[in-house]
Each structure stands twice: as C-alpha cells, then as structure tokens.
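Biologist: I would like to learn how to read a protein model. Could you take me through a few features, one at a time?

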Amino acid sequence: MDYKFYFAKRIADSLDGQLTEQQAYELIETPKYASHGDLAFPCFTLAKTLRKSPVLIAEELAVKMDNPLFEKVEAKGAYVNVFLNKATVSKQVIETVLQQGNHYGDMSLGEGKTIVLDLSSPNIAKPFSMGHLRSTVIGNALANIAEKCGYKAVRINHLGDWGTQFGKLIAAYKRWGNDEKIKENPIKELFNLYVKFHEEAETNEQLENEGRAWFKKLEDGDEEAYRLWQWFRDESLKDFSRIYELLGVSFDSYNGEAFYNDKMERIVHLLEEKGLLSESDGAMVVRLDEKELPPCLIKKSDGATLYATRDLAAALYRYETYQFAKALYVVGHEQSLHFNQVFSVLEKLGFAWAKTMVHVPFGLILKDGKKMSTRKGRVILLEDVLKEVIALAEQNITAKNPNLENKEEIARQVGVGAVIFQDLKNERMNNIEFSLEDMLKFEGETGPYVQYTYARACSILRNAQTAATNNIHGLTDDESWEIVKLLTAFPNVIQKAYEHLDPSLIAKYVIHLAQAFNSYYAHTKILAEDEDLNSRLALVRATTIVLKEGLRLLGIGAPERM
Ligand code: ARG
C-alpha cells in the first residue's frame, strides 16, 4: 500500500547494494508539481559514490523501474520521476481502507510491548493549569498514537498530592476553613486558603511553624491530618474528573506522589549501597558532576524527601509493575533539568531501562503574547474556560443548523475539539496562542474545520440513493487523486508521529485531507448517476474513515452532523 516502498525497493534492487531499501525510501521525495509525477528519487547522493553525473544515473535507473503500478517513469535532470497508475492505485487504496475500516493504519511496531505515559499530573488543592491542560492533551494523543502502533499504553496521572504545602493547607484550614464552602467549590476555596496562608505568613511567623508541624503529623500518619488530606484530595479529584470528562480523557492510574511514601526508603537504601549518596549541608544528594548537572537532592537536612525522590521511587515501581519498553513524561520544558537529573540517577543505579525514559517537553499557552496563567490574580478555572468554549461552539452550531439533535454533546465535541486541535497542530515546543475566536472558526486550520468536513462527507453518504460501495473501479481525475495519495500516506504519518512523539504531524495531515476533500467536493458532482457513482461514494466513505480515525488519535470526536 505504501507505493513509496515499492519504488524504494525497485531502486535498491537496481543498484546492487549501493543503497538499502530504507536509505532509498528516505531519499524519495514528493514532487511539488503534478507534471513531475507522484514520487521522485534524487540522484545527487549516488553521484558521489558512483562517480557519475546524477543526470546519467537518473537515466540509467529510469529504464529499470518497471512495475505494473507505475504508469510512466521519466528521468528529468537529476531525478527519476514516477507516475503511478491512478486507476489501479486508487482502486487498491479505496478498497483497502473500506475493508480495514478504523483499523486502517494499525501497526505491529509495538506488539507485546508496553509504553507508560506520565501525563496531566495536576497538583491537588490548586487550579488545573494551562500547562496541565497541554500535558493532558499531548499525552493522551501520544498514548492513542502508541496504541495505534501496537503498544499497550498505560496512562498514569502522577498527582501532586504530597509535600510541605499540605501541612500549610491544613494549618490554614484549621484557622479559617469553612466546610460548606469547600464542598461547594473545592479548588477555589482550598486555593484561597493557600493564598491567604502565604499572605498572612508574611507578618505572622507562627504560621510557617504550624504548617511544618501539620506536615510532620501528616507524614507520621496522624489521624486528623490524614483525614483532612484525604478529604482535600477527594474533593480536588472530583473537580479534576469533571475536566477530564469534558476533555474525554481517562487514566489507568491515579497513583500520585503520596503513593510512593513507603517506597522511597528502598531507593535511599539502593543509593547508599552503591555509594552514590553524599552529604551537602546536612542534606543527602547524588552528585552528577560527570554529567555537568547540579546534584540531585534526595533528602533534606530534616529528613524530608523530595519531588525527585518520589520520581525515583515511581520509576522503579512502574518498571517492576509494567516492564515498560518506554516511559514518557509529558511535562512542561521548565522541568527538563529535573528529569535529566532523575534519569541520570537511575542510570547510575545501573538500571538499563533508564535509557528508555524520555521527557516530552512542551511550550507555554499564551494569551495576547503573555503566559496564560490560571493562578495569578483572580483564579481563572480551566473548567470555566472550557465551558465558555463549549457555549460559543453551541452558538456557532445553532447558527448553522438550528434543528440539530443532541446539540449539547455535539457542542462539547466541537468546543473541546477546537481547544485540542489548536494545541496539537503546533509543534510541541512552540508556545501557542489561546484565541477562542480563531480556534472556533469553521475555516482555516481548526478542529471545527476538520469536523465540519467530516460531517459534510457523512451527509453526502446519507443523501446518496445507494449505499453500495462495491464493484468500484479506479478514479483518475486530479482531485480524487489528491485524496488517494493522502489516504496512502496515513500509516506512514502515524509512524512518523510516533517516532518523533509529535501529534502535530497528524493534525496537519487531517487538515490536508480535509482540504483535499473540500476541493474534490467543489469540483465534482459526487452524486451524479453515472458509472462512477459507486467509486466516488467509496472514496467519500474512505475519506470519512480516515478523517475520523485521525481525529480520534488526537483525542477529538467526529460528530456526523453539526
Ligand atoms: N505535579 C507536577 C507539576 O504540576 C507535575 C508532575 C509531572 N510528573 C512527574 N512524574 N514528575 O508540576
């Protein structure tokens, strides 16, 4: 199905060992102009090794490229240009997509292997930040993509549910807390307590002591401290669950930092055994001089463990539980040093699997060019932002289609789809601008544009007099050929997205496919009653299958009407 591969094979065979199939494959380009064919092989690299002019090499290769799938092969300058046989190829492609349905593009790359993804991981009793939103959206897409490649994906929400701040929170609660208010609006109230604590602590030294004392109690398993912590955690999770439900994301584990409380001693022991611990101002650290990294702090002078200690314990636990082939940490780039240190310590401990751990960083979400924060000043809650997007999406849909059934759910899919798409269409490391207006547009590179194209294609299929997509023959017009070429590319795009851990490749792909489809729709009487009707409908159906699957990989729904 991957015609590039047939071409690469013919090239490699004709060169007796000068290039491997893989190397030839990597060199093959897609010409800009249709007059240069569908695939092109440049001969410049070979010119050096063969000591011949690239033009001559192209001429010699061109005559050896016979394959029934190639209609014409031409040497043009330093290139071998292949024109695929549109009738044969399009029939083959359309039939394959229809037959495989949403399994089209499935790969066995990861068969029998597990990939563990650390994603989302918000901090309890604090607002869900824009950074956590990105982590959730990117991590979920990567998990979907890995699954498509045959991996078993384990989604872990490493909740920030432990640390000295919970002692402070309890102290603040004991002084100013109001149960009713907390139950009504947990994150907001708990966060207010946290903010008040810090404000008051500036003039009242006693508070810090109280906070420390409560955290000590919490660590020692004090009944009241533990009960309050548990309550804050449960209430926070209720808030977070509503966000996850809106986003359509779920997790295999919510084992957060607290889960590793009783698992850190072991790490400390291992480090001691290997002689990796050293003292620094009363604290225990692992020096990482040889990596030119600052030391990794394992225990504070008062014996308290740290974020890094918990990540070390978590890594070991995850390896022993899942035997992962790969572990991804989808966390903002400001934590690069932290992960670098944690991975380095695991390597020093002699764990071969430390090499399979990857930090997957990403940029910021900006609003009018500035960091969009859910914390500064008044608390903007992500849930409110999502609800606003959904309400706007509903207005847009209603304007287009007032009698739509199930409007609420469709508005959710469109609104949330807009947010997710806006994020994922950018390369991960780029900062992205959060503009409600832009992301909800029905034109341009947006989620709603792709969804709308999908719905349009579905409506064509509904309006067709026949559902028959059998007995098809190939289509050879330019517009359908563009679609066919994109359909053949889908599996390769998925594989590349996995290899580069970059969902934007899929987002860009679905945009191109939607554009190609819309141009086909504008140029073609799809429902005309002629001998090509079945074939055209089959092409439309194949397009819906791949658009829907592409959106699904990104974590976006595809409503059939909107
Ligand atoms: N809770 C952390 C934060 O909000 C992110 C945790 C990322 N995962 C990890 N294993 N450290 O900054």
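Modeller: The turns below go through cysteines, cores, strands and helices.

Modeller: This is a predicted model, in which local features need pLDDT of at least 70, side-chain atom pairs count only at pLDDT 80 or more, and totals for chains, interfaces and linings use all residues. Residues are numbered from 1 along each chain as its sequence is written, and side-chain values use heavy atoms, with hydrogens and water left out.

Biologist: How many disulfides are there?

Modeller: A disulfide is a covalent bond between the sulfur atoms of two cysteines. The cut-off is a pair of cysteine sulfur atoms within 2.5 Å. By this rule there are zero disulfides.

Biologist: Is Cys43 buried or exposed?

Modeller: Buried means under 20% relative accessible area, exposed over 50%, and partly exposed in between, with a 1.4 Å probe and protein chains only. Cys43 has a relative accessible area of 0%, so Cys43 is buried. Cys296 is at 1% and therefore counts as buried.

Biologist: Which residues touch the most other members of the largest nonpolar core?

Modeller: A nonpolar core is a set of buried Ala, Val, Leu, Ile, Met, Phe, Trp, Tyr and Cys residues joined through side-chain atoms within 4.5 Å. The largest one here has 160 residues, and Phe7, Phe41, Leu61, Val80 and Leu133 touch the most other members. Helix α21 (residues 533-554) gives the most to this core, 12 residues. Apart from it lies another core of 35 residues, including Leu277 and Val342.

Biologist: What does Val80 touch?

Modeller: Contact means heavy atoms within 4.5 Å. Leaving out residues up to four places away in sequence, Val80 touches several residues, among them Phe7, Phe41, Cys43, Leu61 and Val73.

Biologist: How do strands β2 and β3 pair?

Modeller: Strands (E, at least two residues) and helices (H or I, at least four) are DSSP runs, numbered from the N terminus. Two strands pair if DSSP finds at least two bridges between them. Strand β2 (residues 70-76) and strand β3 (residues 79-84) are antiparallel, with six bridges. Val73 stands opposite Val82 in β3. The two strands form a hairpin with two residues between them, and Gly77 in the turn has a positive phi of about 60 degrees.

Biologist: At what angle do helices α19 and α20 cross?

Modeller: Axes are lines fitted to C-alpha atoms, for helices over the stretch in contact, and angles run from 0 to 180 degrees between N-to-C directions. The axes of α19 (residues 478-499) and α20 (residues 504-523) come within 10 Å and cross at roughly 170 degrees. Angles over 145 degrees count as roughly antiparallel, and α19 and α20 are therefore roughly antiparallel to each other.

Definitions and conventions:
Angles under 35 degrees count as roughly parallel, over 145 as roughly antiparallel, 65 to 115 as roughly perpendicular and the rest as oblique.
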